[in-house]
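Please read the following explanation with the sequence and the structure side by side.

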Protein chains: 2
Amino acid sequence: MPEAIAYELAKKQKEISVAEFFERNKHILGFGNPTRALITSVKEAVDNGLDACEESGILPDLYVEIQNPHEEECIIIVEDNGPGIIKQQIPHVFARLLYGSRFHAVRQSRGQQGIGISAVVLYGQLTTGKHAKITSKIANDHPAVAVELAIDTNKNRGEIQHQQIIHWDKPSGTRIEVSIKADYKRGKRFVYEYLQSTSIVNPHARIVFKEADGTEHTFERTADALPKKSEEIKPHPYGIELGTLIKMAKQTNARKLASFLKNEFSSMGDRTVNAVCEMAQLDRNTNPQQMSRDQFFAVHQAFKKVKIMAPPTECLSPIGETLIRRSLKSETQEISPEFIFTASRPASVFSGNPFVVEVGIVYGGNLPKDKPVRILRFANRIPLLYQQGDCAVTTAIASIDWRRYGFDQPSGTGVPVGPAIFLTHVASTQIPYTSESKEAIADVEEIENEIRLAFREVARKVQTHINKKVRRVKTREKFDLITKILPEIAKKSAHMLNKPVPSLEKVITRIMDVVWIEDVVEYEKVRGRPVQTKLNVSNPTGQAESGGWIAKSTIMVVNYKSKPQKFNLYALYPKGAVVGEVHPKPTKVTDSYLKWSLESIEPTKKIDVTYELAGINKGDFDENDLYVQNINPSFVIGADKWEGD
Amino acid sequence: MPEAIAYELAKKQKEISVAEFFERNKHILGFGNPTRALITSVKEAVDNGLDACEESGILPDLYVEIQNPHEEECIIIVEDNGPGIIKQQIPHVFARLLYGSRFHAVRQSRGQQGIGISAVVLYGQLTTGKHAKITSKIANDHPAVAVELAIDTNKNRGEIQHQQIIHWDKPSGTRIEVSIKADYKRGKRFVYEYLQSTSIVNPHARIVFKEADGTEHTFERTADALPKKSEEIKPHPYGIELGTLIKMAKQTNARKLASFLKNEFSSMGDRTVNAVCEMAQLDRNTNPQQMSRDQFFAVHQAFKKVKIMAPPTECLSPIGETLIRRSLKSETQEISPEFIFTASRPASVFSGNPFVVEVGIVYGGNLPKDKPVRILRFANRIPLLYQQGDCAVTTAIASIDWRRYGFDQPSGTGVPVGPAIFLTHVASTQIPYTSESKEAIADVEEIENEIRLAFREVARKVQTHINKKVRRVKTREKFDLITKILPEIAKKSAHMLNKPVPSLEKVITRIMDVVWIEDVVEYEKVRGRPVQTKLNVSNPTGQAESGGWIAKSTIMVVNYKSKPQKFNLYALYPKGAVVGEVHPKPTKVTDSYLKWSLESIEPTKKIDVTYELAGINKGDFDENDLYVQNINPSFVIGADKWEGD
C-alpha cells in the first residue's frame, strides 16, 4: 500500500518555526558549548549597541557587565547610549528571529541577519528558563521603559511578561540583561580579549567592562569622531545572481530596461547601460516586467562582458592602515617586533556586494620562529574568534607559496611557519559568514582572491624590507671593515715609509661607491602647544587623531661615491598625519609624501633632512619609507627607486 | 532629536522571510561556490531519497544523473523508488524552507532540518532563473504527477507554475530535476566520491550514476535487507536544557510530575522517577503545569545527580564495525594496508539526544608516512566532505597525545602524522551540525569526549598489534637463529667427535620456551553451494551478508616449551558471520567467538585448528584475534590473555 504511506507521511509534514529551529540547533548560532555561549552573547549585544549608535551618529559609550551568580550561570548586561527602541518594537527586536532593519540595506554594518540578539534571548530562556530584561529610553524628556521578555518559540514571537516605567539617568539608550548558561571561568579571558580587539578597531567607542569580581576595565575612546557613516547603495551588477536580477525586475517601478538598470544598480551610468543593452541585443525601452528568462540571461551575460566601474565605496567603512598598524602594535606590545607592514586592496564585488580587504603583517621580535604564524581576523570591524580553520582568510593564506617570501612552509601549502602575526579585515555590505554564528567567512572565490592579492602585496613589502636590511647589513660590514682596516694599513705604511698618513676619504668612497641613507624617528610629547590637526576635515574617520605626539624624523644622506651627487628624495608619511617643521624646504608636499630636490652633495659629505609629523599616535610611524629619483637606485643603500609621477 | 531617531529606525524594522534569508546567505547552506553547490545539491537530493525509502521500508534504488548543458550550468536529476509525495505536499516539501517531517522526531535520519531539498530548489531558481521539476507517483495504480515549482522567497512558499498527469513506469517514487549554477569540471570527481562513500555505508542501497558524458556507474546493493529501522523515542533526561524541560511540561497531557517524567522521557522507570522527585524534594503528584522555575530547576539538577539508565538505542542505526572495515578497505584498495582496527562506543547522550560513535583506523601499506593522517567523517551515514578543520571529529583527534600510540605529532597536539586513515561515524537522533550545510559537527563536549574515547580504544589496539608484531618478529629471529645455528654446531661437533648428530628438539624448546601460535586466513568462492546465513534473523541490519565467500582460518599451535601444554584457545569472529566446518570440535560457539579446550600438546609438537566462516565479504576478516586461557600468557606468542567469562 504505497498510497497509504504517502498519505501517512503527509500527516507528519509540518512547518518548523525559525525560533524552534534555532532552539534545537543552538550550536549553529555559536552557543555550542558554555564557553562560546558567553562570548557569543557579549559579542551580539555589543555589536548591536555599536551599530545602533553609529547609525544614529552617536559616539558609542558601552557598559558591559558580567555577573556569575553560580558556576553554570552568567548574567550579561550590556548598555549603550544609542537612540533606544520604541516600546512596540522591543519584543520584535529582542525576541523574534529573522527580524531587523539591516538585512535589506546594502550597507556595511555588524548585524546583517536579524538573528543575533534574539538568539541570545532565546538561548538564555532555553538554558536558564529566565526572562530577558530590556530597558529602553528614546529621548531625554521621555521616561525609560523596562520590559521582561519571553519568546514563544512555536510562533517565533516575543511576549512581554512584565513592564514598567522607570527613571533612567541617561539621555537615551538601551540596556539588555540576560541570564544564560555559561562557563565564566573559561570564558572570561576571551570576553576581555574580544572587547580589547573591538575597542582597537573601533577607536571612537568607549567601552567599560565590569567583571564578575567587580574589577572594572575601561577601554578609552582614542578618536573623537565617528567613522565615516556607511551609506546605503544599490547592488553592483558584478556577480549578481540571475534569479536576483529577475526578482529585482519584478519589483522595480521602472518601466524601461534602461531606467531599471540605471536606477536599481550602482555604477551604471548612461554609457554603461547602453553598452549592456547593446551587448544583450535588447531595446533600451523593453519593459523589464515583461522580459523572458532568456532576455534576463542575455543581460546577465552582458554584465560580465561590459566593463563596469568599480562599486562606490561610501557603503564601506574600512579600518584603515594606520588603525591596523595600531591594532597590531597593541597585540605585540611585549614582543617588540622588527616591523609592521600593511596593505589594502581597492574595492571589489561578489554577488553584487562591494567589499574591501585590508591586511597587515607584524614580523620578528620575540615572536616564535618555529610555530605557524598567528592569524587575526576581522569582518566589518568585528573580531572573529572561532572556526579559523575553515575561514576564507585561512584558506587564502594557506594557498600562497610563502617560501617565496622567506617563510617556512613545509609542503608549499598551508599556514606558514615564522615569527609573524597576519591580520585581515574584510569590510563588506554583506559578509558571507559560513553560519549564523558569524565566526568564519565562506569560501567565496572573489574574496579569497582579494585576500591572496593583499597578502602577496604585503609579503613583497616584507621581502623587500628583509632584502634591503640584508643589503644594508652587508654594506655596513664592508664599510666597517674599510674604515677600520684601511686607516690601519695607511698608518702602518706611512710609519714605515716615514711619510705623513694620507687622507683615505677618496679611497674609501671608491671602494664603497654608494650613497648611504639612514633615518631615525623620535617621538616628543606635545606640552601645552595645541596641535593643529586636519582631523575633522580631511580625516573624518578619526583614524589618526592627535594623541599629543610629534614624530621627528632625521634622514641622514652620506655620499660615498667619488663624484658629487644631486638627486630628489621622497619620504612617504601616513594618511591623516599633519606635517610640521621641515628642513631643508621641501619642493613638494602632498597628503601622503614630501619631496626634496637635494642640493649637490660632495664626496664623503653628509646632509641631514628633518621633518615633523603631528596628529599621530606614538608608534604609528617607526621608520621612513624613502625613495630617490634622478640617481641610479642601485648606488643607493636605504631608499628605493621612486616610481611615482 | 533622539526621539525621532527611534521612531525613524522603527519604520525600517521588518520581518525577514527564511527563504529570503537563505537566498542572501546561500553559502550557509553549502552553496558558497559553484563546485560545492554541485555536491551539496546531489547530496541533499540523495539523502532525501534514502530517508524516504528507509522510512517506508523500501530498499532504495536511486538514479542520479548530471547534465552539463553549458559551462556554468548543471541539471541535476535524482530519482528514488520511495513512497512518493501527495500532490498537495509537493510545493511544501520542495519549495518551502523549514518544513518537514523529521525535525520533530527523536530518531536518526539524514534530514533533520526541513531545509535541504528546498534549498536546492531555491539555489537553482536564484542562479538559473529556472523552475524545478518534480515528478511523484504514490502507487502503482495511480498516474504520476509532474509539477514545475517556483519559490516566492518573500513569503517562503512554493508556487506551482505548471502541472500535468503523466505515465511513469515505476511502482512509486519521486524524481527531482533542478538546473543550478555549478562547476561540473571541478565538481564531478567529488560527486563520484560522495556517491561511492554513500554506497559503502548504505550497502542496502543501489545507486546508478550517469555522468554528463553518458558514462554510467552502478554502485550495486551488497545487502538485501534494510538497516534496522530507527524508532522514534522520547528525549533522554541527560543534558536536556532547563528551558526545554519547562516547555515540555507546558505541553504535556500529564497532570502529575511523576507521570510527566515517565511518559515524556526515555529511560525513566518508576524507580528513577521516584529518585528524581525525592532528590528534587518535590511531591510526585505536583502538577507540572503549575510548577515554578525554581521547582523545574530542582528537577533539572536532580537529573544530573540521579543515576539514569543509558538511552534506548533503537532510535539509532550505527554503521557497524564490519561495514566500517569494508568502507576502509574500499578506500585503501591500492594501498594494501597492514591492518584495520575498529571500535564502537556504547550509546551516550547530549542535550537529551542519544548518540553513538564508531571509529576505525587503517594502518601501514603504501600510505604516506610523513603526511598528516587522512580523516574520513560520517554523520548518520552521510559522508562529510567539507569544513574538516572545525569539526568536532578533528578537534577530538587533535586533542589526543598520539605520540603515546606510536604516531608522530610535532607539538603533542594536532592531527598526527603517520601512514593511517582515521574514520569516524557519529549516529544520533540529532547531529549538531555547525551550519545548515551539514558539513561539520559542532564542538559539543559530550560528542568530542566519546570520539576521543573511541580513538583511544582503537589506538590501544593499534599499539598492542604493533607491540605483538614486534615481539613475534623478535622471537622469530631468535627461532630462526636457533634452528639454523644450533644444528650446524651439532653437526660439526658430531662430525669432529665422530658421533651421530644428536636430536636438538629439547635444547631448542629449552631456549625458545614459548608456545607459538600463528594463523592464516584464506578465501574461497562458494560455487553452487548455498550458504546458509543467519542474516535476516540475528543480523537484520544486513551488515554482513554473504557475498558468496568462505573464509578458511588455519591456526597452528606449536609447543616449544619443555613440558606438555594443555590450555583453552579462543578465536573471535565478526558479528553476523556464520560458522561452518570446525576442526577440532569446539567446546563452545557463541555469536562472536569459538572456544577450543585443546588436548595436551607434547614438546615440539604442533596441532592445527581450522574453521570456516560464511556470510562475510572477501577481506572483511584478515587475521584472527586469538586468546588463551589456563596458560601463563607471557609464554605465548600470537595470542593474548582471555579476559572474558
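Which residue stands opposite A:Phe422 in β16(A)? The model is a predicted one, and in it the residue that stands opposite A:Phe422 is A:Ile361. In general terms, the strands of a sheet pair through backbone hydrogen bonds, in either the parallel or the antiparallel sense.

The strand β16 of chain A, residues 420–428, is mostly covered, with nine of its nine residues buried. In a regular strand the side chains alternate between the two faces of the sheet. For β16(A), both faces are covered: one side carries A:Ala420, A:Phe422, A:Thr424, A:Val426 and A:Ser428, the other carries A:Ile421, A:Leu423, A:His425 and A:Ala427, and all of these are buried.

Elsewhere in chain A, five strands form an open sheet with mixed pairing, in the order β20-β23-β18-β17-β25. Its edges are β20 (578–583) and β25 (636–637) of chain A, and because each has a single partner strand, one side of each is left without a neighbour in the sheet. The partner strand β23, residues 606–616 of chain A, runs antiparallel to β20(A) and is joined to it by four bridges, and one position in this pairing is A:Val578, whose bridge partner in β23(A) is A:Ala614.

Turning to helices, the axes of α13 (residues 445–497) and α14 (residues 505–512) of chain A come within 11 Å and cross at roughly 150 degrees. An angle over 145 degrees counts as roughly antiparallel, and therefore α13(A) is roughly antiparallel to α14(A). The crossing in which α13(A) passes α14(A) is right-handed. On the side of α13(A), A:Phe479, A:Ile482, A:Thr483 and A:Leu486 meet A:Val507, A:Ile508, A:Ile511 and A:Met512 of α14(A).

In soluble globular proteins, nonpolar side chains tend to be buried together. Here the largest nonpolar core has 128 residues, and those with the most contacts inside it are A:Phe94, A:Val121, B:Phe94 and B:Val121. Apart from this core lies another, of 79 residues, which includes B:Tyr238, B:Val393, B:Ile431 and B:Val458. If residues up to four places away in sequence are left aside, A:Val121 touches A:Phe94, A:Ala95, A:Ala132, A:Leu149, A:Ile151 and A:Val178.

The contact between the two chains takes 63 residues from chain B and 62 residues from chain A. On the side of chain B that touches chain A, the elements giving two or more residues include α2 (18–24), α4 (90–95), β4 (99–100) and α5 (116–128) of chain B, while α1(B) gives the most, with eight residues.

Where does B:Leu98 lie? B:Leu98 is placed in the loop between α4 and β4 of chain B, and B:Leu98 is buried because 21 other C-beta atoms lie within 10 Å. Not counting residues up to four places away in sequence, B:Leu98 touches A:Glu15, A:Ile16, A:Val18 and A:Phe21 in chain A, together with B:Val18, B:Gly114 and B:Ile115 in chain B. From B:Leu98 to B:Val636, by contrast, the separation is 538 residues in sequence and 61 Å in space, C-alpha to C-alpha.

Definitions and conventions:
Residues numbered from 1 in each chain as written. Chains lettered and ligands numbered in written order. Predicted model: local features only at pLDDT ≥ 70, side-chain atom pairs only at ≥ 80, totals over all residues. Buried ≥ 20, exposed ≤ 12 C-beta atoms within 10 Å, placed from the backbone. Pairing = 2+ DSSP bridges. Core = buried A, V, L, I, M, F, W, Y, C linked by C-beta atoms within 7 Å. Contact = placed C-beta atoms within 7 Å. Axes fitted to C-alpha atoms, helices over the stretch in contact; angles between N-to-C directions. Parallel < 35°, antiparallel > 145°, perpendicular 65-115°, else oblique. Left-handed = near helix turned anticlockwise from the far one by under 90°.
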